[in-house]
Amino acid sequence: MKKNYPFHLQPLPYRYDVLMPHISEQTLGFHHDKHLQTYVDNLNKILEPYPELHDWSLEKLLLKLAQLPDNIQIPVKNNAGGVYNHELYFNCMTNSDKHEPEGALADAINQSFGSFDAWKEEMKNAALTQFGSGYAWLVLGEGGKLCIHKTLNQDTPLSCCVKPLLLVDVWEHAYYLDYQNRRAEYLDNWFDVIDWNKVEETYNQAKNS
Ligand code: MN3
């Protein structure tokens, strides 16, 4: 099986200043180069003594936590989760003029939530009411239904859905430099930097697999 270890910091798929004014260069710099780098480094350090795990992917580590040695289950959950969540978060943003999904994903959002605006409201509410650090997610659930999830810390919804499609980071480091305590304002602006082409691609692949 393909060796995944060591994990590497994936470069941001865009320039650091590209999401301004919604998310500043400084926030993205710290968030990607410091926070995500730390999760990558910690995960590599934890897995270093276990060569039998070096061909495991991030998803496999997170889905099969119970098969790992007892003493590394929680550290792997936190740090592999930190890498998985941040990679998806950064990869689901861009500076495009496209502010709504199209095609099959748009249809699925309408079917599951009533309308795009109703989805936005529900997603924003989930992100606002996530107490403390965590994420709000749009996921593909069983039977083709789309659902919203909230997760705490660096937990992922991998084990309770078919495929995570999109998430928003509501740890304070994601917005505090730009918005201080104004999480709602950060969320309103985050909706404008979602990379809908990317989310559509993930949805179409997951739906057809
Ligand atoms: Mn973060």
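Contact here means heavy atoms within 4.5 Å. Helices (H or I, at least four residues) and strands (E, at least two) are DSSP runs, numbered from the N terminus. The structure is a predicted model, in which local features need pLDDT of at least 70, side-chain atom pairs count only at pLDDT 80 or more, and totals for chains, interfaces and linings use all residues. Residues are numbered from 1 along each chain as its sequence is written, and side-chain values use heavy atoms, with hydrogens and water left out.

Helix H4 (residues 103-113) packs against helix H8 (residues 196-207). From H4, the contact draws on Ala104, Leu105, Ala108 and Ile109. From H8, it draws on Trp196, Val199, Glu200, Tyr203, Asn204 and Lys207. The contact of H4 with H8 has seven nonpolar, one polar and two charged residues. In this count Ala, Val, Leu, Ile, Met, Phe, Trp, Tyr, Cys and Pro are nonpolar, Asp, Glu, Lys and Arg are charged, and the others, Gly among them, are polar. The packing angle of H4 and H8 is about 85°, and their axes lie 8 Å apart. Axes are lines fitted to C-alpha atoms, for helices over the stretch in contact, and angles run from 0 to 180 degrees between N-to-C directions. H4 and H8 are therefore roughly perpendicular to each other. Angles under 35 degrees count as roughly parallel, over 145 as roughly antiparallel, 65 to 115 as roughly perpendicular and the rest as oblique.

H4 also packs against H5, at an angle of about 70° and with the axes 8 Å apart. That angle makes H4 roughly perpendicular to H5. The crossing of H4 past H5 is left-handed, meaning that the near helix is turned anticlockwise from the far one by less than a right angle; clockwise would be right-handed. On the H4 side, Ile109, Asn110 and Phe113 take part. They meet Phe116, Ala118, Trp119 and Glu122 in H5. By class, the residues of this contact of H4 with H5 are five nonpolar, one polar and one charged.

Helix H7 spans residues 183-190. Its residues Arg183, Tyr186, Leu187, Asn189 and Trp190 are buried. Buried means under 20% relative accessible area, exposed over 50%, and partly exposed in between (1.4 Å probe, protein chains only). Seen down the axis of H7, the buried residues fall within an arc of 165°, so they line one face of the helix. The arc is that of the directions from the helix axis to the C-beta atoms. These buried residues pack against helix H3 (70-91), helix H5 (116-129), strand S3 (163-169) and helix H6 (176-179).

Gln130 lies in the loop between H5 and strand S1 (134-140). Its relative accessibility is 8%, so Gln130 counts as buried. Neighbours within four places in sequence aside, Gln130 is in contact with Tyr135, Lys150, Thr151, Leu152, Val170 and Arg183. Arg183 is one of the buried residues of H7.

Most residues other than glycine have a negative phi, and most peptide bonds are trans. Asn153 lies in the loop between strand S2 (146-152) and S3. At 36% relative accessibility, Asn153 is partly exposed. Gln180 lies in the loop between H6 and H7. At 33%, Gln180 is also partly exposed. The peptide bond from Tyr5 to Pro6 is cis, with omega near -10°. Another cis bond joins Met20 and Pro21, with omega about 5°. Pro6 lies in the segment before helix H1 (25-47), and Pro21 is in the segment before H1.
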